[in-house]
Amino acid sequence: MKKFLTLFLTFTMVFTLASCTSKAPETLIEETKPKEQIEEIIEEVIPEEIEVKAGVFWYDFSDAFLSTVRDALNSELDALGIQYTNYDAASTQARQNVQIESAIANGVNLLIVNIVDTAAIDAAQNITDIARVADVPVIFFNREVDDSVINSYENACFVGTRAAEAGEAQGIMIGKYIAENYDDIDLNCDGYISYIYLVGEIGCYYSDATIDVNLEDHPYYAAFTSSQTNVATRLLNITTPKIELICSEAPDVRSMSVIPYCNAVLTMANKPELTYYDANNTDKYQPSNWSKTTAFEIMETALSTNPMDGDAPIEVVIANNDDAALGCVEALNNKGWNTGEGNTIPVFGVDYTADAAAAIEEGKMVGSILQSATGMAETIADLVENVMNGEHVFDGAVEVFNVDEDANKIRVPYEIKMKEEN
Ligand code: GAL
């Protein structure tokens, strides 16, 4: 914005000078550029304020976390005073493609896209190509888009989180909580903790991703343990294992990292690794598609084969997002568990939605990983403002945000959230 003003003033002065000198002797007039030419130069060099008409394309309006992002983004865009329309793809990529094509035909000059299909890079590439042909910037958000797609168009960028981070932080949180409360959690006293795990969805574009980390070096590990004394001290004195994840074996890196990180912390605390509640299930995860209803159904079925009053109860619930965690809480409630008092097993999610925060407060869930809906919305709004000012969509982002090295991708940080006394 400042840059814009400086340029504007400089050219205003040149222009004024040119107008004055036009009354001067002929030689001087010849050296001075005609008014039209100066106007042309101004147009080229000074970015023009643009009347932005944005299309915001959501993969599914029914997604709980994204509804909070939508509320936050609506407020931001309202405050910017731009015209915008929200579109619901209802989980159908073909529908989103049509919405984008017709929005562009109707004069939309900025695309803000929450892509539906993340299983392959084609969908995002296709939208990027459409944006390039129409010469409009595209801001992808939340649902990850491959680096190669972002790098294929200079006006494409991404705002989201680093998905693996949520899994890593969640795994550390769960491992530590279980290590500290092992005997209480081991309901059937068999020495093992039996878990159910609900992943978000099947679909992975990080097929080559390998994560090889030393847990002690992990930022969440340090942040999480610095304020603790008991278990943390013990954990840190034990040799840390290296965790290697090969993403092609599972849906996405958030879902991949939770259990290995949790098991690493348990190993460090001299505790056995978690055991999956259903020995016959080789995947050891079930996709809930981020949905509370689907998670509720999965949990109901699991509780029918492994009842809480039987020999092999489920002892911990791990979900890739809060809505799925809350679906499991509801299924447990129907059996008289996790009502906020009495019989309770630990339930963990990701997002820290208002409902999850309340459930944690009431003792129905133990913890979540905050994903900032407002942080995401504010970041997108900053990029929109660039477009409004006629600047490049990603202008200044590197100085202000946490940006990837290999592509124009901004990463909004996560935060571990548990009840205070935990
Ligand atoms: C995740 C979020 C989920 C769901 C999903 C949709 O980041 O944790 O709750 O909203 O995005 O892609």
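The second largest cavity holds about 50 Å³ of space. A cavity here is a set of points on a 1 Å grid over the protein atoms alone, where a 1.4 Å probe fits but cannot get out; grid points are joined across faces, edges and corners, and the volume is the space filled by probe spheres set on the points. Counting those of 30 Å³ or more gives two cavities.

A word on the model: it's predicted, with local features needing pLDDT of at least 70 and side-chain atom pairs pLDDT 80 or more, while totals for chains, interfaces and linings use all residues. Numbering runs from 1 along each chain as its sequence is written, and side-chain values use heavy atoms, leaving out hydrogens and water.

Now the ligand. Its shell (residues with a heavy atom within 4 Å) includes Tyr59, Phe65, Arg143 and Trp290. Both domain 2 (53-160 + 373-414) and domain 3 (164-371) contribute to this shell, so the ligand sits between them; the bounds come from an automatic or database domain assignment.

| Side chain | Distance to ligand oxygen |
|---|---|
| Asp351 | 2.6 Å |
| Gln371 | 3.0 Å |
| Asn142 | 3.2 Å |

The protein covers 95% of the 310 Å² of accessible area that the ligand has on its own (Shrake-Rupley method, 1.4 Å probe).

Key: A polar contact is a pair of N or O atoms within 3.5 Å; within protein, one must be able to donate a hydrogen and the other to accept it, and residues adjacent in sequence count only if both atoms are side-chain atoms. On a 1 Å grid over the protein atoms alone, a cavity is a set of points where a 1.4 Å probe fits but cannot get out, and a pocket is an open set with protein on both sides within 12 Å along at least five of seven lines; lining residues have an atom within 4 Å of a point.
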